[in-house]
Amino acid sequence: PMMVLMKALIIGEKQYTRGLIKQALEDFPMVSVEGEAVTLDTGLRLIEQLKTSIVFLDLGDDMDRYFSFVEKVNELCPNTGVVVTSEKDSREIIIRALRAGASDYLMFPLRHEEIDRAIAKVGRSLDATSTGHTGLGKVVSIFNSKGGSGATTIATNVAANIMKYSDKNA
């Protein structure tokens with residue numbers, strides 16, 4: 001299936017790394033770089049204005065600010081995936097980025113297959129939120145406070161009918 005065009009935004013203090021990200025994204029026709037921002041505040045405004053689907057955020061020195069920015073984007077723009085990029089290969093930083101809500105963490109030099117995986121991951125979560133399918137099922141509970149009143153019979157019949165009328169195979 002043809003993937004939807006994803007609007008991308010690149011945020012980073014260093015023009016050089018923003019350029020590397022932009023250049024790497026040229027290989028992905030389904031991603032359209034709509035803008036760049038140097039500061040987090042400008043970045044947040046652009047995410048909201050452009051209705052960005054994917055943000056490439058190059059980590060700056062003030063880690064706490066960047067990670068709370070990732071949390072804020074997830075809170076305010078749940079349909080936007082944040083991919084963090086960095087030169088730092090620290091397990092602790094990667095874990096903090098993912099815990100803050102980053103979709104992925106890419107290290108420089110950026111590798112084509114890693115960018116591809118990150119874009120696909122954000123694309124899947126966008127599909128899930130737009131269709132309302134989060135991959136989770138529904139739970140139906142049938143109970144009665146007293147034994148012998150037929151709750152098991154009703155539960156069995158409900159299950160059989162769900163299977164009969166659902167388009168999924170169990």
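The dialogue below treats the strands, the sheet and the helices in turn.

Guide: This is a predicted model, in which local features need pLDDT of at least 70, side-chain atom pairs count only at pLDDT 80 or more, and totals for chains, interfaces and linings use all residues. Residues are numbered from 1 along each chain as its sequence is written, and side-chain values use heavy atoms, with hydrogens and water left out.

Visitor: How many helices and strands does the protein chain have?

Guide: Helices (H or I, at least four residues) and strands (E, at least two) are DSSP runs, numbered from the N terminus. The protein chain has 6 helices and 5 strands, in the pattern β-α-β-α-β-α-β-α-β-α-α along the sequence.

Visitor: In what order do the strands of the sheet lie?

Guide: Two strands pair if DSSP finds at least two bridges between them. Here an open sheet of 5 strands has the order β2-β1-β3-β4-β5, with parallel pairing. Because β2 (31-37) and β5 (104-107) each have a single partner strand, one side of each lacks a neighbour in the sheet. Within the sheet, β1 (residues 6-11) and β3 (residues 54-58) pair over 4 bridges; I11 has L57 in β3 as its bridge partner.

Visitor: Which strands does helix α2 touch?

Guide: Contact means heavy atoms within 4.5 Å. Helix α2 (residues 40-50) packs on the sheet and touches β1, β2 and β3.

Visitor: What percentage of the residues is buried?

Guide: Buried means under 20% relative accessible area, with a 1.4 Å probe and protein chains only. Of the 170 residues in the protein chain, 36% are buried.

How values were computed. Axes are lines fitted to C-alpha atoms, for helices over the stretch in contact, and angles run from 0 to 180 degrees between N-to-C directions. Buried means under 20% relative accessible area, exposed over 50%, partly exposed in between (1.4 Å probe, protein chains only).
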